Amino acid sequence: MKTRAFIAGCSGHELTPDEVAFFKEAAPWGFILFRRNIDNPEQVRALCAALRETVGREDAPILIDQEGGRVQRMGPPNWPKYPPGAAYGALHANDPLVQRELARLGARLIAHDLRAVGVTVDCLPVLDVPSPGAHDVIGDRAYGKTPEKVAVLGRAAAEGLLAGGVLPVVKHMPGHGRAGADSHLALPVVDASREELEYHDFAPFRMLTDMPLAMTAHVVYTALDPERPATTSPIVMEEIIRGHIGYDGLVMTDDLSMKALSGSFREKTEAAFAAGCDMALHCNGDMEEMSAVAEGAPILEGISLRRAEAALARIRHEPEPLDPVDARARLDAALAMTS
């Protein structure tokens, strides 16, 4: 059976019979887990195995948002609580090498947790650069307030994930840091000039073009395309993401169930692919919505299939050695110095 170019969520701790039947028929490329899907390590491991069984692919990617701070789907008591990205940018401000190594260490620990339960993709790092007056939906999720710091620490986090056998997803391309609204709830409109955007917002993404996966921003940039958000804009995709930024990896949409996008779910899905996205992402597990996304998503083939295969080839089957107890102790000690 051919794979369809979308990533789907599910409703709970176990798959329902309807979900099993739908995934077998629709054949999504991958899946994404949220807090509603998480109980304990054994349960998550069983859910990941069940999801992969529905599509008959042991390498089917399973994603999660495990940034730390406000965005952490797997947490106490079964998993450690991790700091937000900004905590790494605040460490030992006079020694950027220490910041970088600790950001890598934190992500390597996260990868250890994820691989242990079968999750192979983390929607991290956040490469958005916050601007004064912007909505705090990014806030302390950002590694710093300058493109340089965000790029350096974002790359460190991505490298930590890769070392642990987990694929990073750079987000939210080409930049969510100026947004004055939360795209989960409304469509943000950014009025900055193209010059400002290239210098400030797009710069970190240009430094991580070698990463295998990226996620779009549901944001309108009036200097680029005043009518359409990046996710559904051929102008932003071709001129900025593939052009100015120079990214040739797999580009997935941000969650199509977010309120920023208008139209039916099939229309939103088709618009994203028409713009040049490789993969649709739908997260909330609603069966009716998922069915519409599946109808609008094409078979994964051509250059998008090449990008997907290249991404999966980056997963390390034998992660870099790690003593999680020692590593966690070193990270906690460093964070305690800033509190």
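Predicted model: local features only at pLDDT ≥ 70, side-chain atom pairs only at ≥ 80, totals over all residues.
Me: What makes S2 and S3 paired strands?
Reply: Strands are DSSP runs of E of at least two residues, helices are runs of H or I of at least four, and both are numbered from the N terminus. Two strands pair if DSSP finds at least two bridges between them. S2 (residues 28–33) and S3 (residues 62–64) share 3 bridges, in the parallel sense. Ile32 has Leu63 of S3 as its bridge partner. S1 (residues 4–8) is also joined to S2 by 3 bridges, again parallel. There, the bridge partner of Ala8 is Phe31 in S2.

Me: Why are S11 and S12 called edge strands?
Reply: The open sheet has 8 strands in the order S11-S9-S7-S6-S3-S2-S1-S12, with parallel pairing. Strand S11 (250–252) and strand S12 (280–281) each have a single partner strand, so one side of each lacks a neighbour in the sheet.

Me: What makes S1 mostly covered?
Reply: Buried means under 20% relative accessible area, exposed over 50%, and partly exposed in between (1.4 Å probe, protein chains only). In S1, 4 of the 5 residues are buried.

Me: Why is Leu197 called buried?
Reply: Leu197 has a relative accessible area of 0%, so it is buried. Leu197 sits in helix H6 (residues 194–201). Contact means heavy atoms within 4.5 Å. Beyond residues up to four places away in sequence, Leu197 touches Arg178, Val190, Ala192, Phe202, Tyr221 and Leu224. Leu197 and Leu224 are 27 residues apart in sequence and 9.9 Å apart, C-alpha to C-alpha.

Me: Why does Leu162 count as buried?
Reply: The relative accessible area of Leu162 is 12%, so Leu162 is buried. Leu162 belongs to helix H5 (residues 147–163). With neighbours within four places in sequence left aside, its contacts are Leu167, Pro168, Met211, Arg314 and Arg316.

Me: What makes a set of residues a nonpolar core?
Reply: The members are buried Ala, Val, Leu, Ile, Met, Phe, Trp, Tyr and Cys residues, joined through side-chain atoms within 4.5 Å. The largest such core has 107 residues, and Phe6, Phe23, Leu33, Leu51, Leu213 and Met252 touch the most other members. Helix H4 (residues 96–117) gives the largest share, 9 residues. Leu33 has contacts that include Ile38, Val44, Leu51, Ile64 and Val119, not counting residues up to four places away in sequence.

Me: Why is H1 called oblique to H2?
Reply: Axes are lines fitted to C-alpha atoms, for helices over the stretch in contact, and angles run from 0 to 180 degrees between N-to-C directions. Angles under 35 degrees count as roughly parallel, over 145 as roughly antiparallel, 65 to 115 as roughly perpendicular, and the rest as oblique. The axes of H1 (residues 17–26) and H2 come within 7 Å and cross at roughly 45°. That makes H1 oblique to H2. Val20, Phe23 and Lys24 of H1 meet Leu51, Thr54 and Val55 of H2.

Me: What makes H1 roughly parallel to H10?
Reply: H1 and H10 (residues 287–296) pack at about 5°, with axes 11 Å apart. H1 is therefore roughly parallel to H10. Asp18, Glu19, Phe22, Phe23 and Ala26 in H1 meet Met287, Met290, Ser291 and Ala294 in H10.

Me: What makes Ala27 stand out in its backbone?
Reply: Most residues other than glycine have a negative phi, and most peptide bonds are trans. Phi of Ala27 is near 55°, a positive value in a residue other than glycine. Ala27 lies in the loop between H1 and S2. With 7% relative accessibility, Ala27 counts as buried.

Notes. Residues numbered from 1 in each chain as written. Heavy atoms only, no water.
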